[in-house]
Amino acid sequence: TGPAARAAVQRLRARSSVVLSGADTVLADGALLTVRPDELGLGAELTALAAARPPLRVLVDGRLRVPLDVPFFQAGPALVATCAAAAARERFLEEGHELLAVPGSNGHVHLGKLLAELAARGANEVLVEAGPRLAGAFARQGLVDEYQLFVAPKLLGSSARPLLDLPLARMAEALELKIVDLRAVGDDWRIVAVPKGRD
């Protein structure tokens, strides 16, 4: 996507209580999940406010695969949701991070319990910026209230990564969405949609 869409994503981050991603995205893309004030496209006062009140960065890493020396952890404090935090807790605390044990099944973090914990801490808007596996897990479990999709005028071809890991056997199993907003953002398109039945 172009600069206008990237600025819109930065504004989404800035307004969120939490920006959340998974181990795959942090390892593959070097994601920081920080708000970049120079990309917000806002006036000086709002930019200063956004920089002064960054969202909580949350990493979903069930098996603690992401090493502490990656840029994500160097970018500031983070909450790491994992399955078994006891043995590594001190190491993460020494580096300024918090481990939260929310074990689910098969070594995966229990996403519903994680969202409940974030809500108990006062989070009222969680922005999930994740790869297809974690984004698909949120969608499959019915944990998405709203989708914000940015579409660039590019065809990436058959080897591109999917938006969601959402295996469907029949078209009747497709998740239905209601588009509530569609607009151009620079040369790209921004689609805001909600799952049918939540509108």
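A salt bridge here is a side-chain nitrogen of Lys or Arg within 4 Å of a carboxyl oxygen of Asp or Glu. In this structure, Asp 24, Arg 65 and Arg 133 are joined in a network of such salt bridges.

Before going on, a word on how to read the model. This is a predicted model, in which local features need pLDDT of at least 70 and side-chain atom pairs count only at pLDDT 80 or more, while totals for chains, interfaces and linings use all residues. Residues are numbered from 1 along each chain as its sequence is written, and side-chain values use heavy atoms, with hydrogens and water left out.

**Confidence**

The score pLDDT is the predictor's confidence in each residue, from 0 to 100. For the protein its mean is 92, and 98% of the residues reach 70 or more. Helices (H or I, at least four residues) and strands (E, at least two) are DSSP runs, numbered from the N terminus. Among these elements, helix 6 has the highest mean pLDDT (98) and helix 3 the lowest (83).

Let us visit strand 1, which spans residues 18-22 and has 5 of its 5 residues buried. Buried means under 20% relative accessible area, exposed means over 50%, and partly exposed lies in between (1.4 Å probe, protein chains only). In a regular strand the side chains alternate between the two faces of the sheet. Both faces of strand 1 are covered, with Val 18, Leu 20 and Gly 22 on one side and Val 19 and Ser 21 on the other.

Two strands pair if DSSP finds at least two bridges between them. Strand 1 runs parallel to strand 2 (residues 56-60), with 5 bridges joining them, and Gly 22 stands opposite Val 60. Strand 1 is also parallel to strand 5 (residues 126-128), through 3 bridges; there, Val 19 has Leu 127 as its bridge partner.

**Salt bridges**

Side chains of opposite charge can pair when their charged atoms come close. The structure holds 11 salt bridges, and the table shows some of them.

| Glu 129 | Arg 13 | 2.6 Å |

Arg 13 is buried, at 8% relative accessible area. In the next pair, Arg 170 is exposed at 54%, whereas Glu 173 is partly exposed at 32%. In the last pair, Glu 176 is exposed at 53% and Lys 196 is partly exposed at 49%.

**Two positive phi angles**

Most residues other than glycine have a negative phi. Leu 33 has a positive phi of about 60° although it is not a glycine, and this residue sits in the loop between helix 2 (23-29) and helix 3 (44-52). Asn 106, also not a glycine, has a positive phi of about 55° and belongs to the loop between strand 4 (98-101) and helix 6 (111-120). Is each buried or exposed? Leu 33 is buried, with 2% relative accessibility, whereas Asn 106 is exposed, with 66%.
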